[in-house]
Amino acid sequence: MKQDKILSIIGLATRAGKTASGEFCTEREVKAGKARLVIVAEDASSNTKKKFQNMCDFYQVPIRCYNEKEVLGHAMGKELRASLAILDEGFAGSILKQLDTRERLGCIEEVAFVCQK
């Protein structure tokens, strides 16, 4: 199985203390201006996706939908995670670069890169 660089970066950011996960903590970091990127699981509820899309639009934070709750949680060494915030500009930039590269190459067809309202 090929290693997923995005999940590896999320794991590194978590070990460095540069993530916040869960709905409450993610929302808190976005509103505090600390979030540099928000990732919402593809299998999160439509209400959760809409809530974070609207919040990130208002606070001008990039948001992407990626993978499933179980996979995101596992990458962070935790249980299911429907949402997470990356708090470091470097980690956020690396993840966005990987997502944009995958989008250009068409590697991920089933993942929406911007959550739909």
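Is Asp 4 buried or exposed? Asp 4 is buried, with a relative accessible area of 17%. The legends below start from the whole chain and then go to single sites.

The model is predicted: local features need pLDDT of at least 70, side-chain atom pairs count only at pLDDT 80 or more, and totals for chains, interfaces and linings use all residues. Residues are numbered from 1 along each chain as its sequence is written, and side-chain values use heavy atoms, with hydrogens and water left out.

**View 1. The overall fold has five helices and four strands.** Helices (H or I, at least four residues) and strands (E, at least two) are DSSP runs, numbered from the N terminus. Read from the N terminus, the order is α-β-α-β-α-β-α-β-α. The protein has 117 residues, and 44% of them count as buried. Buried means under 20% relative accessible area, exposed over 50%, and partly exposed in between (1.4 Å probe, protein chains only). The areas themselves come from the Shrake-Rupley method with a 1.4 Å probe; for residues, only the protein chains shown count as cover.

**View 2. Asp 4 and Arg 102 form a salt bridge.** A salt bridge is a side-chain nitrogen of Lys or Arg within 4 Å of a carboxyl oxygen of Asp or Glu. By this rule the model has six salt bridges. In the pair shown here, the closest N and O atoms of Asp 4 and Arg 102 are 3.1 Å apart. Distant parts of the chain are linked: Asp 4 sits in the segment before α1 (5-15), Arg 102 in helix α5 (residues 89-105), and the two are 98 residues apart. Arg 102 counts as buried because its relative accessibility is 16%.

**View 3. Glu 23, Glu 27, Lys 31 and Lys 51 are linked in a network of salt bridges.** Side chains of opposite charge can pair when their charged atoms come close. One of the bridges joins Lys 31 and Glu 27, with the closest N and O atoms 2.8 Å apart. Lys 31 and Glu 27 are four residues apart in helix α2 (residues 23-31), so about one helical turn separates them. Lys 31 is partly exposed at 47% relative accessibility. Glu 27 is buried at 18%.

**View 4. Arg 28 and Glu 29 meet in a salt bridge through their side chains.** The N to O distance is 3.5 Å. Arg 28 is partly exposed, with a relative accessible area of 41%. Glu 29 counts as buried at 10% relative accessibility.

**View 5. Phe 58 and Tyr 59 form an aromatic pair.** Rings of Phe, Tyr and Trp (its six-membered ring) pair if their centres lie within 6.5 Å; planes under 30 degrees apart count as stacked, over 60 as edge-to-face and the rest as tilted. The count by this rule is one aromatic pair. Phe 58 and Tyr 59 are edge-to-face, at 5.0 Å centre to centre with 80 degrees between the planes. Phe 58 is exposed, with a relative accessible area of 64%. Tyr 59 is partly exposed at 35%.

**View 6. Asp 43, Glu 68, Glu 70 and Glu 79 gather in a surface patch of negative charge.** Patches are made of residues with over 30% relative accessible area and no salt bridge; like charges are joined within 9 Å, nonpolar side chains (Val, Leu, Ile, Met, Phe, Trp, Tyr) within 5 Å. Lys and Arg count as positive and Asp and Glu as negative; His and the chain ends are not counted. The place of a charge is taken as NZ of Lys, CZ of Arg, CG of Asp or CD of Glu. Asp 43 lies in the loop between β2 (37-40) and α3 (46-59). Asp 43 is partly exposed, with a relative accessible area of 40%.

**View 7. Gln 60 and Asn 67 have positive phi values.** Gln 60 is not a glycine, yet its phi is about 55 degrees. Gln 60 lies in the loop between α3 and β3 (63-65) and is exposed, with a relative accessible area of 73%. Asn 67, also a residue other than glycine, has a phi near 55 degrees. The place of Asn 67 is in the loop between β3 and α4 (69-76).

**View 8. Ser 83 and Thr 19 lie in strands β4 and β1.** Ser 83 belongs to strand β4 (residues 83-86) and counts as buried at 2% relative accessibility. Ser 83 and Val 38 are 45 residues apart in sequence and 7.1 Å apart in space, C-alpha to C-alpha. Thr 19 belongs to strand β1 (residues 19-21) and counts as buried at 16%. Thr 19 and Asp 88 are 69 residues apart in sequence and 7.9 Å apart in space, C-alpha to C-alpha.
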